[in-house]
Amino acid sequence: MLKAFDKNLTQRAMQLARETLEIEADAIRALHARLETDDSVGQAVGLLMECGGRVVVSGMGKSGHIARKIAATLASTGTPAMFVHPGEAAHGDLGMVTAQDAFIAISNSGETAELMSILPIIKRMGAPLIAMTGNPQSSLALLADVHLDVSVAKEACPLNLAPTASTTVTLALGDALAVALLDAHGFKEEDFARSHPGGALGRRLLTHVRDVMRSGDAVPQVTADVSLSVALLEITQKGMGMTAIVDAAGHPVGVFTDGDLRRLIERVQDFTKITIRDVMHADPRRVGPDQLAVDAVAIMEEFRINQMLVVDADGKLVGALHIHDLTRAKVI
């Protein structure tokens, strides 16, 4: 049981949590309303689209953390970007910035000394400057080619001091910029996957059937004239729960699975007199090695099967795929 003091503390914490979320939600709603008449985001997107280099994002303190996130989001959505610390920039890292780059400077006050000390050099380079500040009349805002107003009525901090609502609004506007640029660049799922090869989407969109299929001697296959007993031995040895049946040219003409065997046992007593041709499923499902593995998953799910044959452009058997192969590769 909670003590009375602990209960009061919990209630106060819950009250502050709700107030924090409401204040930050109000700040984003206010920004949304501002953008109905303010076309600065469109101007910023235009500048960034014309940029022949990278987008360099910079800020100090909490604004620096937000700047890092914005740079990371831009980079992962098709806009080459990086973060530069303004303090380090004043001591050599400014060499990372070129005239072909665009510079986004973030400062709630618009007067951050570390930023203001390097921005005249950025301007002399000819790199376009986009400012994100909470003060449209600040030195940074007036120096910028485009100013994005991220002002808030108040911070969520009870003291109205700690950056809370202001950083939330800045981060949200950074996301809005990234999404607008993503759309302008025609960025697709495949592009996202290429920049996220280690993620689930990357695996889904970059993994092809040939990457996960079994090939060579690991592929169970017999000819149509062999006995059912021989086919069962092949199924057992290869461990896929099935075997392909191929013609003399190596084209699959059928398939026989563990499930087929269980159903066959119910009506057949003597397997020695049966050839695999008599009990196979003709015209089996197949997929190409260069197709995406997710395409194979879709076929398996549609027809409720656990195995598929892989054939090349000439229709010859080159591999086999089990649902477990796709699971191990984390395609599903």
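Two strands count as paired here if DSSP finds at least two bridges between them. With that in hand, here are some close-up views of this predicted model.

**View 1. A three-stranded open sheet.** The 3 strands line up in the order β10-β11-β12, and their pairing is mixed. At the edges sit β10 (286–287) and β12 (317–322), each of which pairs on one side only. As a reminder, strands of a sheet pair through backbone hydrogen bonds, either parallel or antiparallel.

**View 2. Where β10 meets β11.** Let's zoom in on one pairing within the sheet. Strand β11 covers residues 307–311 and runs parallel to β10, with 2 bridges joining them. Which residue of β11 is the bridge partner of Val 287? Look for Val 310.

**View 3. A helix across the sheet.** Helix α14, made of residues 293–303, lies across β10, β11 and β12. The helix runs at about 135° to β11.

**View 4. Arg 285 and the ring of Phe 303.** Here Arg 285 lies over the face of Phe 303. The distance from the ring centre is 3.5 Å. If you go looking for aromatic pairs, the structure holds 0 of them.

**View 5. Two buried cysteines.** Are Cys 51 and Cys 157 buried or exposed? Buried means under 20% relative accessible area. Cys 51 has 17% relative accessibility, so this residue counts as buried. Cys 157 counts as buried too, because its relative accessibility is 15%. As for disulfides, which need a pair of cysteine sulfur atoms within 2.5 Å, the count comes to 0.

Technical notes:
Residues are numbered from 1 along each chain as its sequence is written. This is a predicted model: local features need pLDDT of at least 70, side-chain atom pairs count only at pLDDT 80 or more; totals for chains, interfaces and linings use all residues. Side-chain values use heavy atoms; hydrogens and water are left out. Rings of Phe, Tyr and Trp (its six-membered ring) pair if their centres lie within 6.5 Å; planes under 30 degrees apart count as stacked, over 60 as edge-to-face and the rest as tilted. A charge sits over a ring if NZ of Lys or CZ of Arg is within 6 Å of the ring centre and within 35 degrees of the ring normal. Buried means under 20% relative accessible area, exposed over 50%, partly exposed in between (1.4 Å probe, protein chains only). Helices (H or I, at least four residues) and strands (E, at least two) are DSSP runs, numbered from the N terminus. Contact means heavy atoms within 4.5 Å. Axes are lines fitted to C-alpha atoms, for helices over the stretch in contact, and angles run from 0 to 180 degrees between N-to-C directions.
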